[in-house]
Amino acid sequence: MALAVKDVQKSISFYQNVFQLEEIENTASHCTTRWLSLGEGKQLHLISRPEAQIQTIKAVHFALATNDVHSFIKHLQTLKIDYSDWPGSINKDYVRNDGIQQVYFQDPDGYWIEVNNDV
């Protein structure tokens, strides 16, 4: 997955603080793009685009799963990151019809992220 970001260092710090992701070597080039490991061979590439006008809606998001969504929500609270349910109620989680619990929040550039317990 690749995201255009205004400030690569700010985004690296956000993703490492929120998800404890390990930075890995950008083997493709010697540019300012930085890579993070998502595990199992998956990567998040943060591409510097300081002039980008990033527009997002919640329906366009990526989802990550955790075994302990309650601990993850407490982690977001510790980091003072607001989250919401799908309808948009602030600092409220949501349980889908299939029983999966989820929260949504945004990164520094406004990209939407879902974290759920669908593991």
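In this predicted model, helix 1 and helix 2 sit oblique to each other. Why oblique? The axes of helix 1 (residues 8-19) and helix 2 (residues 69-78) cross at roughly 135°, and an angle over 145 would be needed to count as roughly antiparallel, while 65 to 115 is the range for roughly perpendicular, so the pair ends up as oblique. The two axes also come within 10 Å. On the helix 1 side, the contact is made by Asn17, Val18 and Phe19; helix 2 brings in Phe72, His75 and Leu76. Sorted by class, this contact has 4 nonpolar and 2 polar residues, with no charged ones at all.

Next comes the empty space. Rolling a probe the size of a water molecule over the atoms shows where empty space is left. The largest pocket holds about 200 Å³ of space. Its lining is made up of Met1, Phe19, Leu21, Leu38, Gly39, Glu40, Lys42, Phe62, Ala63 and Leu64. By class, 7 of the lining residues are nonpolar, 1 is polar and 2 are charged.

Gln101 belongs to strand 7, which covers residues 101-106. Is Gln101 buried or exposed? With a relative accessible area of 7%, Gln101 falls under the 20% cut-off, so it counts as buried. Setting aside neighbours within four places in sequence, Gln101 is in contact with Val69, His70, Ile73, Asp93, Tyr94, Val95, Val115, Asn116 and Asn117.

Lys58, by contrast, is found in a loop, the one between strand 4 (42-48) and strand 5. Lys58 has a relative accessible area of 14%, so this residue is buried too. Again leaving out neighbours within four places in sequence, the contacts of Lys58 are Ser84, Asp85, Trp86, Pro87, Gly88, Tyr104 and Trp112. As for distance, Lys58 and Asp118 are 60 residues apart along the chain, and their C-alpha atoms are separated by 19 Å.

How values were computed:
Residues are numbered from 1 along each chain as its sequence is written. This is a predicted model: local features need pLDDT of at least 70, side-chain atom pairs count only at pLDDT 80 or more; totals for chains, interfaces and linings use all residues. Side-chain values use heavy atoms; hydrogens and water are left out. Helices (H or I, at least four residues) and strands (E, at least two) are DSSP runs, numbered from the N terminus. Buried means under 20% relative accessible area, exposed over 50%, partly exposed in between (1.4 Å probe, protein chains only). Contact means heavy atoms within 4.5 Å. On a 1 Å grid over the protein atoms alone, a cavity is a set of points where a 1.4 Å probe fits but cannot get out, and a pocket is an open set with protein on both sides within 12 Å along at least five of seven lines; lining residues have an atom within 4 Å of a point. Grid points are joined across faces, edges and corners, and a volume is the space filled by probe spheres set on the points. Ala, Val, Leu, Ile, Met, Phe, Trp, Tyr, Cys and Pro count as nonpolar, Asp, Glu, Lys and Arg as charged, and the others, Gly among them, as polar. Axes are lines fitted to C-alpha atoms, for helices over the stretch in contact, and angles run from 0 to 180 degrees between N-to-C directions. Angles under 35 degrees count as roughly parallel, over 145 as roughly antiparallel, 65 to 115 as roughly perpendicular and the rest as oblique.
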